[in-house]
Amino acid sequence: MQQQTAVIIEGATVIFADRLAPASVRFEGGAITAIDGARDGAEVIDGRGHLLAPAFVDIHGDAFERQIMPRPGTMLPMAPALLETDRQLAANGIATAYHALTLSWEPGLRSVENGRAIVTALDELAPRLLIDNRVQLRWETFCFEAIDLIRQALAGPRLPSIAFNDHTSMLLLDPSVTLQERPFELDPAYPALSPDNPVFADKMAERGKRAKIPAAEMVSLTRSIWERRPEVQAAIDEVAAFGRAAGAPMLSHDDSQVETRDFYRTRGARISEFPMNRRVAQAAREAGDFIVFGAPNATRGGSHLASIGAADMIREGLCDILASDYYYPAMLLGLARLLADGVAPLTDLWPLVSANPARASGLTDRGVIEVGRRADLLLVEWPEGGVPSVRRTFVQGREAYRAVPAGS
């Protein structure tokens with residue numbers, strides 16, 4: 001439900017698209033209605049000493065999996081897990097979240113069955129949720145049984161995005177080739193590890209834990225899936241056609257070759273999610289694609305996979321969007337690290353987590369503080385030299401989160 005009573009936040013330093021400036025921001029009916037306008041009986045919130053910014057738009061986050069499966073193989077009920085995830089999102093200033101919902105041939109957490117349960121639960125819980133919860137259909141391209149769910153989700157009430165993933169080919173990659181430089185997955189000469197190789201069995205043992213099946217069964221399952229490799233391109237073409245028809249934003253994940261990016265771009269995927277080397281990022285930039293890196297990468301000062309660093313890509317103009325990836329607090333903490341390291345001023349950094357992901361997702365009603373835009377706002381306490389902290393989150397003008405420190 002949208003907020004009805006007019007609210008004015010006064011005294012904060014506001015992050016506009018082109019400047020930081022003290023201003024009052026008025027909103028009602030879910031939208032921003034005035035900048036430095038009259039009070040006219042509105043509720044007044046004292047924003048002195050705080051930043052007022054557009055709330056975050058998270059284009060890819062899978063931290064929700066830790067609420068569903070907090071320990072390997074230990075699944076918890078869906079509804080409370082998603083309600084807890086929703087609270088975490090609001091507390092971290094994320095007003096719009098695309099949950100990176102992996103649809104895989106693996107049993108368990110990332111199965112199609114579990115994916116369907118999450119989509120259904122989010123629809124049923126919608127009236128109780130604090131923020132705009134959407135899904136990124138993170139489709140494993142060998143998972144043919146997910147195609148019906150993708151078609152159904154695209155017809156649902158909140159248009160999802162589609163991300164093309166091929167972790168199957170990555171799983172079978174010969175260890176002599178790095179992930180960052182692996183060939184295009186559909187290359188006939190792709191350097192795949194033989195399922196008979198002992199190294200393959202070792203890799204399957206860890207995967208089996210997540211899927212809750214014995215290692216030998218995981219080996220057999222993966223072998224049977226790999227045999228269907230000749231069918232993958234037709235499946236990709238089918239899903240891409242669904243996405244184009246629905247007007248869904250589409251992404252390709254972990255691109256390692258320019259050929260990979262070109263392949264998905266021609267099918268309508270104009271977002272390169274976590275390109276694995278500078279060459280691919282540069283090709284995406286030259287083609288006018290959006291480029292996504294992980295906010296934890298920015299927070300930590302580098303990738304956990306030893307891929308290229310987000311900070312370097314931002315400096316080189318090769319990053320448009322930062323996503324929470326696996327850690328919701330990184331949306332704000334990543335900005336703090338980038339600002340402290342002198343990568344860019346805050347007015348250049350904030351669009352990476354608000355305006356740009358909104359635009360890439362076709363959500364033109366949010367992501368900036370302007371009259372007429374959705375009142376998705378974030379009040380941040382940011383002591384000089386200290387760690388920033390979210391104090392209030394507003395979603396379509398409704399207060400979704402408030403934190404009052406003990407010293408207040």
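User: Which strands does helix α4 lie across?
Analyst: In this predicted model, helix α4, which covers residues 147-154, lies across β9 (94-103), β10 (132-140) and β11 (161-165), and runs at about 155 degrees to β10. Helix α8 (residues 232-246) packs on the sheet too, where it touches β10, β11 and β12 (250-253), and its direction makes about 165 degrees with that of β11.

User: OK, and what's the strand order in that open sheet?
Analyst: Eight strands form it, in the order β8-β9-β10-β11-β12-β13-β14-β15, and the pairing is parallel. The edge strands, each pairing on one side only, are β8 (56-61) and β15 (321-323), while the twist averages 25 degrees from one strand to the next.

User: How many bridges link β13 and β14?
Analyst: Strand β13 (residues 271-273) pairs with strand β14 (residues 290-294) in the parallel sense over three bridges, and for E273 the bridge partner in β14 is V292.

User: Switching topic, which residues make up the aromatic cluster?
Analyst: One aromatic cluster is formed by W139, F164, F184, F263 and Y264, and the structure holds seven aromatic pairs.

User: What sits over the ring of F263?
Analyst: The charged end of R267 does, at 3.7 Å from the ring centre; likewise, the charged end of R19 sits over the ring of F16, 4.1 Å from its centre.

User: Last one: is A358 buried or exposed?
Analyst: A358, which lies in helix α15 (residues 355-360), counts as buried because its relative accessible area is 0%.

Notes
Residues numbered from 1 in each chain as written. Predicted model: local features only at pLDDT ≥ 70, side-chain atom pairs only at ≥ 80, totals over all residues. Heavy atoms only, no water. Phe/Tyr/Trp six-rings, centres within 6.5 Å; stacked < 30°, edge-to-face > 60°. Lys NZ or Arg CZ within 6 Å of the ring centre and 35° of its normal. Helix = DSSP H or I, 4+ residues; strand = E, 2+ residues; numbered from the N terminus. Buried < 20%, exposed > 50% of the residue type's maximum accessible area, 1.4 Å probe, protein only. Pairing = 2+ DSSP bridges. Axes fitted to C-alpha atoms, helices over the stretch in contact; angles between N-to-C directions. Contact = heavy atoms within 4.5 Å.
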